[in-house]
Amino acid sequence: MHPIIQVSALHKRYKSDLVALSGVDLAIKRGEIFALLGPNGAGKTTLINVICGTVEPSSGQVLVDGHDITEEYRAARSLIGLVPQEISLDIFATVWNTVRFSRGLFGCRPDDAHIEHLLRDLSLWDKRDRRVIELSGGMKRRVMIAKALAHEPKILFLDEPTAGVDVNLRRDMWTLIRSLRDNGVTIILTTHYIEEAEEMADRVGVISEGRILLVEETAALMRKLGRRYLTLVLQTPLNSIPPELAPWKLELTDEGHGLIYGFDANADDTGIPALLRRMAELSIDFNDLDTSRSSLEDIFVSLVEPGA
């Protein structure tokens with residue numbers, strides 16, 4: 001199956017000589033949730049804006065379901081819904097009119113049943129006659145999503161969709177995004193909430209300084225790059241790590257009551273049996289132990305920060 005978005009050798013240099021994108025190659029699968037991660041200024045928003053046709057690339061090609069965004073702009077753009085970071089709405093219009101008008105902008109016939117369905121899914125139905133100015137920030141963001149979905153796009157871009165949104169509303173949005181994916185909509189999101197990508201995304205792409213560093217299935221990425229940690233709760237606290245345990249590069253925590261050992265779970269020899277034997281020889285006893293894995297945030301930092 002052909003990717004629904006194909007980005008090839010994409011470059012963007014602004015008149016200020018700022019290079020925002022440098023040779024980006026990226027393929028988005030049809031019907032997936034794809035998370036694009038990167039620090040501020042990495043090129044995430046520029047890449048989205050180029051794909052959506054709101055920023056002109058310096059060179060390269062972008063195909064949206066086979067349509068070139070430059071040569072077949074209308075066909076490509078009609079397939080895309082975009083929810084930008086900034087909330088941009090007519091604050092004096094009602095929720096109903098805002099979403100209904102957005103559908104008309106794409107030349108779609110009126111479909112009040114679809115608009116009602118959207119507003120109900122986004123918990124906006126009881127606010128349909130309220131003016132946008134009367135809504136909270138989280139509700140305004142829901143209206144932005146409803147606007148983006150009004151013309152029934154195949155692709156939805158969410159640029160920091162839960163920024164400034166409370167935890168409960170964020171969870172509601174995650175549920176909505178999964179529902180959209182289940183109905184065949186391809187979701188591309190950028191986020192600063194690493195747990196959002198880890199919990200929701202089928203695949204993750206990491207961008208830094210305008211270059212794609214890595215694209216990987218989320219679960220596979222965790223297996224390949226994620227480290228595991230063994231935490232030992234000591235019976236007697238240590239003031240320092242004995243030199244005999246130096247080969248394991250342990251970390252002393254909890255005022256000497258805890259030892260943390262990081263290891264590669266996929267390695268043939270994790271070093272754990274040897275560590276426990278050496279501790280027994282040194283009469284260092286423990287009451288409890290636990291293992292945990294590194295988070296996507298740990299992996300992200302290791303990719304974008306040299307020496308991290």
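**View A. Helix α3 and its buried residues.** In helix α3 (residues 95–105), the buried residues are V95, W96, T98, V99, S102 and R103. Buried means under 20% relative accessible area, with a 1.4 Å probe and protein chains only. Helices are DSSP runs of H or I with at least four residues, strands are E runs of at least two, and both are numbered from the N terminus. The model is predicted: local features need pLDDT of at least 70, side-chain atom pairs count only at pLDDT 80 or more, and totals for chains, interfaces and linings use all residues. Residues are numbered from 1 along each chain as its sequence is written, and side-chain values use heavy atoms, with hydrogens and water left out. The packing partners of the buried α3 residues are α4 (112–121) and α5 (137–149), where contact means heavy atoms within 4.5 Å. After α3 comes G107, which has a positive phi, near 75 degrees.

**View B. The packing of α5 with α6.** Helix α6 (residues 167–182) and α5 pack at an angle of about 10 degrees, and their axes are 11 Å apart. Axes are lines fitted to C-alpha atoms, for helices over the stretch in contact, and angles run from 0 to 180 degrees between N-to-C directions. The two helices, α5 and α6, are therefore roughly parallel to each other, a term for angles under 35 degrees. From α5, residues G138, M139, R141, R142, I145 and L149 meet L169, D172, M173, L176 and L180 of α6.

View C. An open sheet is formed by four strands in the order β2-β1-β4-β5, with antiparallel pairing. Two strands pair if DSSP finds at least two bridges between them. The edges are taken by β2 (19–28) and β5 (67–68); each has a single partner strand, so one side of each is left without a neighbour in the sheet. Seven bridges link β2 to strand β1 (residues 5–13) in the antiparallel sense, and H11 stands opposite S22 in β2. Helix α1 (residues 44–51) lies across β1, β2 and β4 (59–64) and runs at about 65 degrees to β2.

**View D. Strand β13 and its partners.** Strand β13 (residues 258–263) pairs with strand β11 (residues 228–234) over six bridges in the antiparallel sense; here R228 is opposite F263 in β13. Strand β12 (residues 251–253) runs antiparallel to β13 and is joined to it by three bridges, with E251 opposite I260. A hairpin is formed by β12 and β13, with four residues between them, and D254 in the turn has a positive phi of about 50 degrees.

Technical notes
Buried < 20%, exposed > 50% of the residue type's maximum accessible area, 1.4 Å probe, protein only. Parallel < 35°, antiparallel > 145°, perpendicular 65-115°, else oblique.
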